[in-house]
Amino acid sequence: MAIAIDLLVQLVQMSVVLALAPLLTGFVRKLKAHLLRRQGPPLIQPYRDLLRLLRKEVVLAESASWVFRVAPYLVFAATWVAAALVPTFATGLVFSYAADMIAIVALLGSARFMLALAGLDVGTSFGGIGSSREMMIASLAEPAMLMVVFTVSLMAGSTQLSSIAASMQSPEVGLRVSLALALVGLVMVAIAENARIPVDNPATHLELTMVHEAMILEYSGRHLALIEAASYLKLLLYISVIACVFFPWGIAVSGQGAAAYLAAIAVYGVKLAAGGFLLAVFETAIAKMRVFRVPDFLGAALMLGFLAVLLLFVTRAG
Amino acid sequence: MGLGWLLWCIALLLGTSVAAAVGARHRPASTLVYGVCLGTSAVALVIAAASLIAGRALTGEVQLPLGLPWLGAHFRLDALAAFFLVVVNLGAATASLYGLGYGSHEEAPERVLPFFPAFLAGMNLVVLAHDAFTFLFTWEFMSLSSWALVMAHHRERGNAAAGYLYLLMASFGTLALLLAFGLLAGPAGGYAFSDIRLAAPSAAIGGVVLALTLIGAGSKAGIVPLHVWLPLAHPAAPSHVSALMSGVMTKVAVYGFVRIVFDLLGPPDWWWGAVVPLIGGITALMGVLYALMEHDLKRLLAYHTVENIGIIFIGLGLALAFRASGMQAAAALALTAALFHVFNHSLFKSLLFFGAGAVLSATGQRDMERLGGLIHRMPLTAFAFLIGSAAISALPPFNGFVSEWLTFQAILLSPSLPQFLLKFLVPAIGALLALSAVLAAACFVKAFGVSFLGRPRSDAARDATEADRWSIAAMFVLAVLCLVAGILPGYFIDALAPVAEALTGARLPQQNELDWLTIVPIAQSRSSYNGLLLFLFIALAALLAADAIHRWASAAIRRAPPWDCGFPDPSPMTQYTAGSFSQPIRRVFGAVLFRAREEVDMPRPGDTRAARLHVRLHDVLWDTFYVPTANAVQYAAQRLNKAQFLTIRAYLTLVFGALVVLLMVLAVWQ
């Protein structure tokens with residue numbers, strides 16, 4: 001019986017992340033528009049975009065190979081699986097032991113690898129510029145992310161997100177310098193990985209500043225829909241990870257009743273909204289930086305993560 | 001019993017080598033030699049795997065009346081040797097399978113066929129050798145036979161220089177190992193490994209032996225800064241030999257290090273655990289950065305060998321650190337991670353070299369800037385190469401990720417180490433490991449993307465044809481193994497348990513009885529990974545998405561010219577190249593490490609000459625270590641040259657003086 005409930009929670013989780021992800025992006029867009037005194041598209045515009053794209057035919061470049069056609073499915077699948085394994089509203093997901101936090105980071109790496117290859121597949125210079133810059137950004141963002149993972153898992157004594165969430169709720173964690181450093185580092189990584197301002201601009205189509213958009217320039221129709229869905233999911237995933245690790249309050253634990261789960265879903269919605277709100281305010285307040293300033297930004301994230309780990313290593317008694 | 005059969009296999013290989021020397025010019029010789037090598041390696045592989053899994057039942061020791069008359073030749077098969085024999089013979093079997101097809105392209109078979117079986121026999125013998133003399137003799141035999149293979153195409157530009165540098169570094173390494181064994185044997189001079197194990201060297205001697213082993217085995221494995229010969233020599237050989245040298249011979253060098261430092265040298269000092277992982281971390285990062293700057297496909301792969309050797313040494317070094325502090329379980333985890341990476345790297349590196357070889361024989365090109373679009377002409381090779389690229393980039397669900405994940409888990413255990421220096425050092429090594437893992441992914445996006453994707457950049461690439469079926473078979477065997485080791489790692493970790501137990505006194509928990517074949521290195525609540533579930537999940541989610549879309553949404557497709565923001569250029573030269581792909585990373589990391597300089601030569605308005613971009617890279621290590629050394633040797637040689645033209649009286653005086661000095665040294669020593 002308990003297994004059945006856990007399985008149900010896992011399925012609900014998979015559907016919840018998929019259902020909420022476009023809404024989150026729509027929410028951020030709407031808020032940004034309001035902050036700029038514009039009306040902005042309706043909240044459900046991302047859903048409409050996805051449906052419209054799914055119904056359209058695919059225009060495939062003549063030089064494209066099967067890599068280009070398979071990549072969207074794999075990118076979407078890897079991102080969805082990664083998002084499904086992060087405890088959003090409940091811990092004790094039945095499959096969460098399949099991948100710990102390091103594996104989730106690596107799964108996103110797999111998705112990025114496929115997407116970067118797809119960018120090179122058609123053989124145009126924009127695809128190449130996107131892939132090349134994406135891998136440069138990743139080469140600093142992923143180590144920074146791993147340093148953050150090290151920090152929290154050393155505190156929690158585990159790399160499993162469920163255990164981390166549980167131990168972060170316990171009173172003995174308290175406020176620590178390492179945690180603050182790790183939080184700042186993780187936020188910086190999340191901004192870079194989701195191609196947000198100041199690293200990249202999700203709304204730009206000015207050729208020379210594009211990174212993510214340049215990489216997927218040749219995509220159309222259902223392929224583009226999958227890639228868009230994957231990037232919505234990725235934004236949701238990063239906000240969920242931040243919420244789960246640093247603000248784990250209100251997460252339902254396995255064995256609680258249905259009311260607790262519903263309350264937890266509501267709390268989770270509030271957390272997402274808060275994350276989206278902060279992101280929109282931050283993006284409106286800041287200007288995009290030059291591509292070659294990005295390494296400085298991410299280098300700072302890496303150093304913050306590294307300092308956080310080092311502080312933990314040094315203060316921990318033998 | 002297993003040992004006897006293995007020795008017969010080796011004898012058969014040596015016999016094949018002699019026969020090939022006589023009959024290499026006959027037409028069926030190539031098929032025959034590679035066929036015999038394939039069969040023999042397969043038998044040896046089965047024996048080694050059986051004795052690894054069966055445990056003590058098949059291990060044994062023999063002493064043959066060869067070599068030094070008072071010592072004989074000792075051979076022993078134990079868990080460590082059995083594991084490395086699996087690595088050697090798996091690589092040998094697939095390389096022979098590949099050679100069945102690839103060998104027919106060989107222009108000078110008499111320069112390859114006699115040495116190939118000898119090289120295989122040499123690697124097997126090093127792993128089995130159980131006394132210092134046999135070890136050094138077979139080590140040198142392995143070096144020389146591989147040197148002969150490097151020189152197979154000696155008229156090609158740069159190969160002779162590569163062979164010369166290889167010979168120099170190999171002799172230097174053997175010299176270091178010779179001194180290490182001398183110190184290990186001590187004044188009593190018991191050169192059998194069983195005698196060495198009993199002698200307990202002092203801490204100072206232990207440190208010197210560690211340094212000498214790092215030089216001797218490390219130069220063969222390719223640790224920075226002793227790696228310089230590797231990216232020159234490995235690509236110079238025929239591709240299946242490159243695969244063996246990179247995928248397998250470097251592992252034999254790792255075996256030498258493990259055998260001496262973990263088995264023969266006795267309990268480690270804690271500072272060994274600081275030096276070895278630091279060297280490993282630097283090696284990993286430098287290797288991958290060199291690879292990113294490289295546009296020659298085979299040389300890029302050789303630099304990645306340097307990187308992976310670094311990752312292996314990180315694991316080995318952590319195992320030393322844990323063992324020195326009495327944390328046996330953590331040491332077992334770190335050692336298992338390193339050895340699993342040894343196995344994994346031998347799989348995907350052989351696979352990638354086979355792919356590069358197929359590209360080379362199809363196009364005659366190793367320069368990535370002249371390739372492109374090969375996925376259309378060589379779909380099977382491209383698919384296998386893609387699997388290998390994903391595996392070496394440590395992407396789940398493939399095998400490279402599992403061993404790096406285990407290494408990360410070992411790093412996360414290190415705050416409990418008592419030494420303060422290690423507390424500072426290990427997180428830095430973790431950061432180096434994380435950096436090199438993701439840079440490797442960037443590098444393989446470049447390698448695969450520029451060579452196989454896009455549009456062909458030369459006529460040779462446009463007219464390429466698929467590789468022969470033997471080569472394809474060899475690549476797919478390895479690709480399947482990469483996936484299997486990635487999704488069922490528990491079985492492989494269990495197979496490594498006897499090795500870890502013999503060297504650290506502890507083993508990881510039994511893995512293959514856990515639910516759903518999850519791997520749990522320490523405890524369920526701490527960390528677990530399940531490649532099988534992850535793989536099934538991704539496959540299921542992708543199929544679900546594909547099915548739903550094709551059923552309910554559009555399945556229409558139309559081929560059209562690329563969009564490219566409205567200005568598609570038909571010339572394939574407008575594509576992104578390998579050089580431009582790595583330009584951002586070069587700007588981030590290269591300014592200091594390579595003193596990279598870019599010069600733009602822009603013609604004045606009205607001038608019709610083409611604009612040019614010059615990129616200058618310096619190999620800082622080469623400039624700071626090797627050039628001064630070479631100059632010093634040259635200087636000394638010129639000065640000492642006079643000593644060749646002295647009178648007989650002067651020579652006698654020199655001899656007498658040397659004798660007196662030596663006697664005085666002896667007197668003072670006593």
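**A guided reading of chains A and B**

Visitor: In which helix of chain A is A:Ala82 found?

Guide: This model is predicted. In chain A, A:Ala82 belongs to a helix that covers residues 66-84. That element is helix α3.

Visitor: Does A:Ala82 count as buried or exposed?

Guide: A residue is called buried when its relative accessible area is under 20%. The relative accessibility of A:Ala82 is 0%, and therefore A:Ala82 counts as buried.

Visitor: With which residues is A:Ala82 in contact, leaving aside its neighbours within four places in sequence?

Guide: Contact requires heavy atoms within 4.5 Å. With neighbours within four places in sequence left aside, the contacts of A:Ala82 are A:Ile104, A:Leu107, A:Leu108 and A:Leu237.

Visitor: What is the area buried between chain B and chain A?

Guide: The size of an interface is often given as the accessible area lost when the parts come together. Here, 82 residues of chain B are in contact with 80 residues of chain A. Carbon and sulfur atoms give 72% of the buried area, which is about 7,300 Å².

Visitor: Which side chains of chain B and chain A meet in a salt bridge?

Guide: Across this interface the rule finds one salt bridge. Its N to O distance is 2.8 Å, and the side chains are those of B:Arg558 and A:Glu57.

How values were computed: Residues numbered from 1 in each chain as written. Chains lettered and ligands numbered in written order. Predicted model: local features only at pLDDT ≥ 70, side-chain atom pairs only at ≥ 80, totals over all residues. Heavy atoms only, no water. Helix = DSSP H or I, 4+ residues; strand = E, 2+ residues; numbered from the N terminus. Buried < 20%, exposed > 50% of the residue type's maximum accessible area, 1.4 Å probe, protein only. Buried area = accessible area lost by both parts, 1.4 Å probe. Salt bridge = Lys/Arg side-chain N within 4 Å of Asp/Glu carboxyl O.
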